[in-house]
Amino acid sequence: MANTRQYDRIIETAARKLAAVENRELWALEGSERRAILAAGVVGSVQVTRGKSTGRADRTIETTWSGAAARLRSEISAAQAAKEKAGAEAAAAKVARRTERKWW
């Protein structure tokens, strides 16, 4: 069987980050996503102090969180597909080696 530990580690890390994103933990975000959420929070707080609506800041925060979750889900599925492909290639190589050994 192929060595798929690298893919397992990637999947595990991305799953942990996805769980953290669903719990709204900032450490799991990339830098640009973190900056977008913090900037929207600042804009929203300014709007609150001015007595205005925070609708745009709220939408920005929600779309950033959902985008991060979608990115992590696609990363997990890509790593799973690569793991399956590596396993299939290893199995095909093993079959090829076995058929190669026959001398009759």
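Analyst: Happy to. A residue is buried under 20% relative accessible area, exposed over 50%, and partly exposed in between (1.4 Å probe, protein chains only). Arg24, with a relative accessible area of 41%, is therefore partly exposed. A word on the ground rules: this is a predicted model, where local features need pLDDT of at least 70, side-chain atom pairs count only at pLDDT 80 or more, and totals for chains, interfaces and linings use all residues. Residues are numbered from 1 along each chain as its sequence is written, and side-chain values use heavy atoms, with hydrogens and water left out.

User: Where is Arg24 found, and what is its phi?

Analyst: In general, most residues other than glycine have a negative phi. Arg24 isn't a glycine, yet its phi is positive, about 60°. You'll find Arg24 in the loop between α1 and α2 (31–49).

User: How many helices and strands does the chain have?

Analyst: Helices (H or I, at least four residues) and strands (E, at least two) are DSSP runs, numbered from the N terminus. Here there are three helices and zero strands, so the chain is more spread out than a compact globule: its radius of gyration is 22 Å, well over the 13 Å that the globule rule gives for 104 residues. That radius is taken over C-alpha atoms, and the rule is 2.2 Å times the number of residues to the power 0.38. Along its principal axes, the C-alpha trace spans about 85 × 20 × 20 Å.

User: Which residues touch the most other members of the largest nonpolar core?

Analyst: A nonpolar core is a set of buried Ala, Val, Leu, Ile, Met, Phe, Trp, Tyr and Cys residues joined through side-chain atoms within 4.5 Å. The largest one has 14 residues, and Leu18, Val21, Leu29, Trp65 and Ile76 touch the most other members. Helices α1 (5–22) and α3 (55–101) each supply at least two of its residues, with the largest share, six residues, coming from α3.

User: What does Trp65 touch?

Analyst: Contact means heavy atoms within 4.5 Å. Leaving out residues up to four places away in sequence, Trp65 touches Val21, Arg24, Glu25, Leu26, Leu29 and Ile37.
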